[in-house]
Amino acid sequence: ILTAALSVLTLSAFAQKDQIKNAEDAIEDSKFDEAKAQLKIAEPKLSELNSKWQERFYLYKGQAYAAGTPTNADLETAAMAYAKAVEMGNDDAVEALASLKNDLLNSAIEDQGTENYESAAEKLYTSYKISKQDTVYLYYAANNLVQAQNYDKAVEFLQQLNDLGYDGSGKSYTAVNVETGEKENLGSKQQMDLMIKTGQYTDPQVEKIPSKKGEIASLIARIYINQKQFDKAIASIDEAKAANPNDVSLLLSEANMYYQMGEQAKAIAILENAGEMDKTNPTVFNNIGLMYMELKDSENAIRNYEKALEIDPEFNDARINLAAAMLNAERAIIEEMNGLGMSKKDNQRYDELDKQRKEIYRSVLPFLEKAMEIEPDNTEIVRTAMNLYTNLGMQEKADELKAKL
């Protein structure tokens with residue numbers, strides 16, 4: 001009986017080896033469906049084979065499912081098979097897995113470009129499952145699910161990130177590609193230094209990547225607000241704040257949450273507190289300014305935009321917002337001008353108001369001119385400056401800007 005049993009096992013192993021060989025031949029002939037069929041027959045009793053045959057099985061499975069026009073599910077199957085082969089020491093699988101990861105990420109970027117966010121999220125999540133240490137892919141997958149309005153799945157991924165203690169902060173090492181003129185992230189200081197030495201790159205920079213904890217809490221809160229689950233939104237922010245009491249980005253998220261809930265006064269108070277906590281963060285003061293503009297308080301908005309620019313004179317968003325807040329003062333002037341009649345008194349008042357309006361334009365122009373230096377391709381800034389030049393009778397300057405549009 002024992003001899004007969006061993007004979008059956010030996011025959012079974014031979015059959016599985018044949019099926020794996022058949023799959024290899026089918027792959028070489030580009031008959032990928034046939035290869036998949038052979039591998040499915042061999043898989044249930046794969047444990048009966050030695051490690052070398054198991055390694056070949058996983059390599060061929062990866063090749064079969066990655067070939068042709070694979071679905072997202074096929075790509076995931078291929079990736080997991082390659083990962084198993086890599087784990088078993090297969091060198092071919094190492095290269096194939098790296099190539100597949102690169103293809104997955106490029107395909108996810110293409111999906112984002114066509115607003116196919118659900119598909120992008122699947123591919124990014126597969127990239128994360130292949131390499132669990134790359135938690136940033138889970139973060140990007142969650143963001144794409146938010147864009148796809150698949151909020152339940154997005155919250156699931158975001159909670160996973162919280163459970164993993166994902167922070168996302170760090171440093172980026174960038175330099176300018178001499179050939180293309182484009183700024184590129186070179187991944188590490190060693191790689192950046194090496195590329196600078198070759199002369200192919202210039203202008204190396206080390207930039208701080210801020211923590212994403214506040215952003216994650218904000219996304220979770222945003223989802224709950226969208227679902228009208230305000231208690232859960234508040235709880236998610238409170239939980240994040242309790243774990244990270246000195247994280248100003250969480251206060252910004254909390255302020256944004258209350259703003260979305262229609263509680264603007266509370267949002268302002270939180271932002272003012274953030275400004276007290278971090279007096280060196282221009283984004284905080286820019287956001288305070290934006291919130292005051294929502295409350296139609298141009299004076300306080302301008303004050304905070306100016307603070308942001310004192311901290312960072314190159315912070316163009318604050319400069320543009322400042323110009324918009326200053327121009328806001330012309331609305332009341334124009335309304336009064338439009339309501340005037342044709343009497344001598346009205347004509348005198350019209351001239352006074354027109355003078356006030358032009359003074360506003362003159363005070364705003366230096367900010368717009370600086371903004372255009374920093375963002376020469378921003379058509380909105382160019383168009384606004386052109387209109388101001390026209391109203392001030394500076395036609396030559398207006399025509400210069402018109403040529404840029």
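The exercises below, each with a worked solution, concern a sheet and a helix pair in a predicted model.

**Exercise 1.** Determine the strand order of the three-stranded sheet and state which strands lie at its edges.

Solution. 
- The order is E2-E1-E3, the sheet is open, and the pairing is antiparallel.
- Strand E2 (183-185) and strand E3 (201-209) each pair on one side only, which makes them the edge strands.
- Direction ignored, neighbouring strands of this sheet are turned by 30 degrees against each other on average.

**Exercise 2.** Count the bridges that join E1 to E2, and those that join E1 to E3. Then find the bridge partners of threonine 174.

Solution. 
- Strand E1 covers residues 170-177, and three bridges join it to E2 in an antiparallel arrangement.
- Seven bridges join E1 to E3, and these two strands also run antiparallel.
- On the E2 side, threonine 174 stands opposite asparagine 185.
- On the E3 side, the bridge partner of threonine 174 is glutamine 205.
- Alanine 175 has glutamate 184 as its bridge partner in E2.

**Exercise 3.** Describe the hairpin of E1 and E2, and identify the residue in it that takes a positive phi.

Solution. 
- Five residues lie between the two strands of this hairpin.

**Exercise 4.** Classify the packing of helix H10 against helix H12 by angle and by handedness, then describe the residues in contact.

Solution. 
- Helix H10 comprises residues 213-226 and helix H12 residues 248-260; their axes come within 8 Å and cross at roughly 15 degrees.
- Angles under 35 degrees count as roughly parallel, so H10 is roughly parallel to H12.
- The crossing of H10 past H12 is right-handed.
- From H10, the contact residues are Lys213, Gly214, Glu215, Ala217, Ser218, Ala221, Arg222 and Ile225.
- They meet Ser249, Leu250, Ser253, Asn256, Met257 and Gln260 in H12.
- Sorted by type, the residues of the contact of H10 with H12 comprise five nonpolar, six polar and three charged.

Note on methods:
Residues numbered from 1 in each chain as written. Predicted model: local features only at pLDDT ≥ 70, side-chain atom pairs only at ≥ 80, totals over all residues. Heavy atoms only, no water. Pairing = 2+ DSSP bridges. Helix = DSSP H or I, 4+ residues; strand = E, 2+ residues; numbered from the N terminus. Axes fitted to C-alpha atoms, helices over the stretch in contact; angles between N-to-C directions. Parallel < 35°, antiparallel > 145°, perpendicular 65-115°, else oblique. Left-handed = near helix turned anticlockwise from the far one by under 90°. Contact = heavy atoms within 4.5 Å. Nonpolar A, V, L, I, M, F, W, Y, C, P; charged D, E, K, R; others polar.
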